[in-house]
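Me: Hi! Could you walk me through this one before I set anything up?

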Amino acid sequence: MAFQSDPSFVPTPPPGEDELPYDDGEPMESQRHRRQMELLIEALELHWKDREDVYVSGNMAIYFSELQAKKNDFRGPDVFVVLDTVRRERKSWVVWQEDGRTPDVVIELLSETTEKVDRTDKMRVYAKLLHVPEYYLFDPFTGVLEAYALDNATMSYMPVAPGANGDVASPRLHLGLGVRRGTYRNLDVDWLRWLDAAGRVLPTGEEQARAAEEQVRAAEERARAAQDEAKLLAARLAEVEQRFGKLPGGEPR
């Protein structure tokens, strides 16, 4: 214990995001897996564009202990959300640099090579070590969605039954998750989508732009219809005036 009284002793701080590897070396399984991850992140970031207290990311390493960091034996979740934090750029999520904050929601995209790990090792880490309240599994090719909630008594996940339409609720985010057919980056398949309280899909940037264009076209069509109607009324008035002439006040006889 003599080192505690030595004024020259400076404890070595644990490594941070600038020192730790942030690429786990595991690429997304397919183009659809990668697009699915990007869709979920993009739509949620747009939905919360005015909020500075949330962080959304994916395929990023999460470090929760120095031993785990040294061994670098844990791959990052495909999509995760952290509430009550600061929205800023990060290389990786280092729990001891984030005041102990861990993800509130994790989504893993299943594949033949990752499903076993997602259902065993990762599920254990998320439940028992990171205490993630909500865990979701989704297979982009079968369209099967599974929801799990953390049982605080046992620190294990319990299945959450979906609604009649297959959608599930995310109590932490006050949103829903459901499978919807659509086109994202020229790929027309069944996607996992975030849903608002009314069950409407949270749009991507492309969908927002398309909706704005449709609103402009609809407004232009209404304006053209109004102009056509005005022209028709003017033509009818001219015909009446031609047939019956005008009264002294300018009205037809």
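This is a predicted model: local features need pLDDT of at least 70, side-chain atom pairs count only at pLDDT 80 or more; totals for chains, interfaces and linings use all residues.

**A chat about the fold**

Me: What span should H1 have, given its 17 residues?

Reply: At 1.5 Å a residue, H1 should span 24 Å, and its end C-alpha atoms are 24 Å apart, so the two agree.

Me: Nice. Which residues of H1 are buried?

Reply: Among them are Arg32, His33, Arg35 and Gln36, along with Met37, Leu39, Leu40 and Ile41. Ala43 and Leu44 are buried too.

Me: And what do those buried residues pack against?

Reply: Their packing partners are strands S1 (54-57), S3 (79-83), S5 (105-109) and S6 (134-138), plus S10 and S11.

Me: Tell me about the sheet with S10 and S11. What is the strand order?

Reply: The order is S9-S10-S11, an open sheet of three strands with antiparallel pairing. S9 (168-170) and S11 (187-195) are at the edges with a single partner strand each, so one side of each has no neighbour in the sheet. From one strand to the next, the twist averages 40°.

Me: How many bridges join S10 to S11?

Reply: Nine bridges join S11 to S10, which covers residues 175-184. As an example, Arg180 has Trp191 in S11 as its bridge partner.

Me: Switching to the hydrophobics. Which residues touch the most other members in the largest nonpolar core?

Reply: That core has 25 residues, and the ones touching the most other members are Leu44, Trp48, Val81, Ile107, Leu173, Leu177 and Trp194. H1, S1, S3, S5, S6, S7, S10 and S11 each give two or more residues to this core. The largest share, five residues, comes from H1.

Me: What is Val81 in contact with, leaving aside its neighbours within four places in sequence?

Reply: Val81 is in contact with Leu44, Trp48 and Leu173, and also with Tyr55, Val56, Pro103, Asp104 and Val105. There is a second, separate core as well, with 20 residues including Ile62, Val82, Trp93 and Leu137.

Me: OK, S7 next. How many of its seven residues are buried?

Reply: Five of them are buried, so S7 (residues 145-151) is largely enclosed by the rest of the structure. S7 runs antiparallel to S6, with five bridges joining the two. Phe138 stands opposite Leu145 in S7.

Me: And how many bridges join S7 to S8?

Reply: Five bridges join S7 to S8 (residues 156-160), again antiparallel. In that pair, Leu150 stands opposite Tyr157 in S8.

Me: How many residues sit between the strands in those hairpins?

Reply: The hairpin of S6 and S7 has six residues between the strands, and the one formed by S7 and S8 has four. In the S6 and S7 hairpin, Gly143 takes a positive phi near 75°.

Me: One more helix, H4. What covers its buried residues?

Reply: The cover includes S5, helix H3 (115-119), S6, S7 and S8. The buried residues of H4 (residues 121-129) are Lys122, Met123, Val125, Tyr126 and Ala127. Just after H4, His131 has a positive phi of about 55°.

Me: Last one, the whole chain. How many helices and strands are there?

Reply: The chain has five helices and 11 strands. Of its 253 residues, 38% are buried. Among contacts with a separation of 6 or more, 58% are between residues 24 or more positions apart. The chain exposes about 15000 Å², with carbon and sulfur atoms supplying 52% of it.

Notes:
Residues are numbered from 1 along each chain as its sequence is written. Side-chain values use heavy atoms; hydrogens and water are left out. Two strands pair if DSSP finds at least two bridges between them. Axes are lines fitted to C-alpha atoms, for helices over the stretch in contact, and angles run from 0 to 180 degrees between N-to-C directions. The expected span of a helix is 1.5 Å times one less than its number of residues. Buried means under 20% relative accessible area, exposed over 50%, partly exposed in between (1.4 Å probe, protein chains only). Contact means heavy atoms within 4.5 Å. A nonpolar core is a set of buried Ala, Val, Leu, Ile, Met, Phe, Trp, Tyr and Cys residues joined through side-chain atoms within 4.5 Å. Accessible areas come from the Shrake-Rupley method with a 1.4 Å probe; for residues, only the protein chains shown count as cover.
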